[in-house]
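Biologist: I am new to this protein, and I would like to go through its model step by step. Could you show it to me before we start?

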Amino acid sequence: MSRPAKGLQGTGGNYIPKVLALSLAATLEPGTVSAILVTHDDWCAIYRGGCCDCDPDVSIKTAAEALAEETRN
Ligand SMILES: [Zn+2]
């Protein structure tokens, strides 16, 4: 189990650095809407009101892809 980096505790936990890195590396199309999806492990503390303490999957989807994925789950 991984822990939030020092200085990030209480600010959302493990997923914040992954979201920032992905958003900086992404090539987004002008005039489009994109969503960053964060998928946590079932046991992650974020589901109990804590900070993320898992190693979440982070991905960028178009708005339509994100909506389709949300309605599927
Ligand atoms: Zn998590």
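**Elements and their order**

Modeller: The protein holds two helices and two strands, where helices (H or I, at least four residues) and strands (E, at least two) are DSSP runs numbered from the N terminus. This is a predicted model, in which local features need pLDDT of at least 70 and side-chain atom pairs count only at pLDDT 80 or more, while totals for chains, interfaces and linings use all residues. Residues are numbered from 1 along each chain as its sequence is written.

Biologist: In what order do the elements run from the N terminus on?

Modeller: Read from the N terminus, the elements of the protein follow the order α-β-β-α.

Biologist: Is Ile 46 buried, partly exposed or exposed?

Modeller: A residue is buried if 20 or more other C-beta atoms, placed from the backbone, lie within 10 Å of its own, exposed if 12 or fewer, and partly exposed in between. Ile 46 sits in the loop between strand 1 (34-39) and strand 2 (57-62). Because 18 other C-beta atoms lie within 10 Å of Ile 46, this residue is partly exposed.

Biologist: Which residues does Ile 46 touch, not counting residues up to four places away in sequence?

Modeller: Ile 46 and Gly 12, 34 residues apart in sequence, are 8.2 Å apart in space, C-alpha to C-alpha. With residues up to four places away left out, the ones that Ile 46 touches are Gly 13, His 40, Cys 51 and Cys 52.

Biologist: How many Å apart in space are Asp 57 and Thr 39, C-alpha to C-alpha?

Modeller: Asp 57 belongs to strand 2, and with 12 C-beta neighbours inside 10 Å this residue counts as exposed. Asp 57 and Thr 39 are 18 residues apart in sequence, and their C-alpha atoms are separated by 5.1 Å.

Biologist: What separates the C-alpha atoms of Val 33 and Ala 63?

Modeller: Val 33 is in the loop between helix 1 and strand 1, and it counts as exposed because it has 10 C-beta neighbours inside 10 Å. Val 33 and Ala 63 are 30 residues apart along the chain, and the separation of their C-alpha atoms is 5.6 Å.

Conventions:
Contact = placed C-beta atoms within 7 Å.
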